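User: I have a structure open and would like to learn how to read its features. Could we go through them together?

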Amino acid sequence: MFRFRLQNVLDIREKNERKLASQLVEAVSQERVAKEELARLQNTRSESVQKMTANGTSRSAGELMTFDYIIQHLQGVIEEANVIVENAENSVAEAKEKLQIAFQDRRVLDRLKERQNDQYKASAMQADRQSMDELAVLRYSRGND
């Protein structure tokens, strides 16, 4: 019966790979949420500017100052959201890289296991052939006695 000596290491690597894959899924989800929030903020700003400039009506100085304050504040929030999106994108890239490395590490052990299993099968077949040959020689020699 074939027994891979590094099976425990392989199991640990597989578990680590699964953990990193779930981290990647979480990072992608957070990136998506951050991008949706950024898009929502940008739409809000565009709609606000559109409403303020619509109909060509004149506005008082107070309204314009308030509008300017709101737009400046919204721009600051959008800049913060851009930073969050950028950080989320970096997290996704980092998670992908870690997962790729973990995959390669596990794949090396998988290939080693396959190679050792093939060698085990080949040596087992060789031993069977040798036993069959010895048995055939014994039968032949008994028949000639």
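User: Let's start with charges: which side chain does Arg-107 meet in a salt bridge?

Analyst: First the general idea: side chains of opposite charge can pair when their charged atoms come close. A salt bridge here needs a side-chain nitrogen of Lys or Arg within 4 Å of a carboxyl oxygen of Asp or Glu. Arg-107 meets Glu-114 in such a bridge, at 3.6 Å from N to O. One caution: this is a predicted model, in which local features need pLDDT of at least 70 and side-chain atom pairs count only at pLDDT 80 or more, while totals for chains, interfaces and linings use all residues. Residues are numbered from 1 along each chain as its sequence is written, and side-chain values use heavy atoms, with hydrogens and water left out.

User: Are Arg-107 and Glu-114 buried, exposed or partly exposed?

Analyst: The idea is to ask how much of a residue's area is accessible: buried means under 20% relative accessible area, exposed over 50%, and partly exposed in between, using a 1.4 Å probe and protein chains only. Arg-107 has 27% relative accessibility, so it counts as partly exposed. Glu-114 is partly exposed too, because its relative accessible area is 42%.

User: How many salt bridges does a search of the whole structure find?

Analyst: The search finds 8 salt bridges. One of them joins the side chains of Arg-106 and Glu-17, at 2.3 Å from N to O. Arg-106 belongs to helix H2 and Glu-17 to helix H1, so this pair ties together parts that are 89 residues apart in sequence. Both Arg-106 and Glu-17 are buried. There is also a network of salt bridges that links Glu-17, Arg-106 and Asp-110.

User: Where do Glu-89 and Lys-35 lie?

Analyst: The side chains of Glu-89 and Lys-35 form a salt bridge at 3.4 Å, N to O. Glu-89 is in helix H2 and Lys-35 in helix H1, so the pair ties together parts 54 residues apart in sequence. Glu-89 counts as partly exposed because its relative accessibility is 34%, and Lys-35 counts as partly exposed at 38%.

User: You keep mentioning helices. How many helices and strands does the protein have?

Analyst: Helices (H or I, at least four residues) and strands (E, at least two) are DSSP runs, numbered from the N terminus. The protein has 2 helices and 0 strands. Its radius of gyration is 34 Å, well over the 15 Å that the globule rule gives for 145 residues, so the protein is more spread out than a compact globule. That radius is taken over C-alpha atoms, and the rule is 2.2 Å times the number of residues to the power 0.38. Along its principal axes, the C-alpha trace spans about 125 × 25 × 15 Å.

User: How many residues does H1 have, and how far does H1 reach?

Analyst: H1 has 47 residues and reaches 69 Å from its first C-alpha to its last, close to the 69 Å expected at 1.5 Å a residue. That expected span is 1.5 Å times one less than the number of residues.

User: Which residues of H1 are buried?

Analyst: The buried residues of H1 include Leu-20, Leu-24, Ala-27, Glu-31, Ala-34, Leu-38 and Leu-41. Glu-31 counts as buried because its relative accessible area is 14%. Beyond its neighbours within four places in sequence, Glu-31 is in contact (heavy atoms within 4.5 Å) with Ala-88, Glu-89 and Val-92.

User: How many aromatic pairs does the structure hold?

Analyst: Rings of Phe, Tyr and Trp (its six-membered ring) pair if their centres lie within 6.5 Å; planes under 30 degrees apart count as stacked, over 60 as edge-to-face and the rest as tilted. The search finds 1 aromatic pair. The rings of Phe-2 and Tyr-120 have centres 5.8 Å apart and planes at 50°, so the pair is tilted. Phe-2 lies in the segment before helix H1 (7–53) and Tyr-120 in helix H2, 118 residues apart, and the pair links these distant parts of the chain.

User: Is Asp-133 buried or exposed?

Analyst: Asp-133, in helix H2 (residues 61–144), is exposed because its relative accessible area is 52%. In the protein as a whole, 17% of the 145 residues count as buried.
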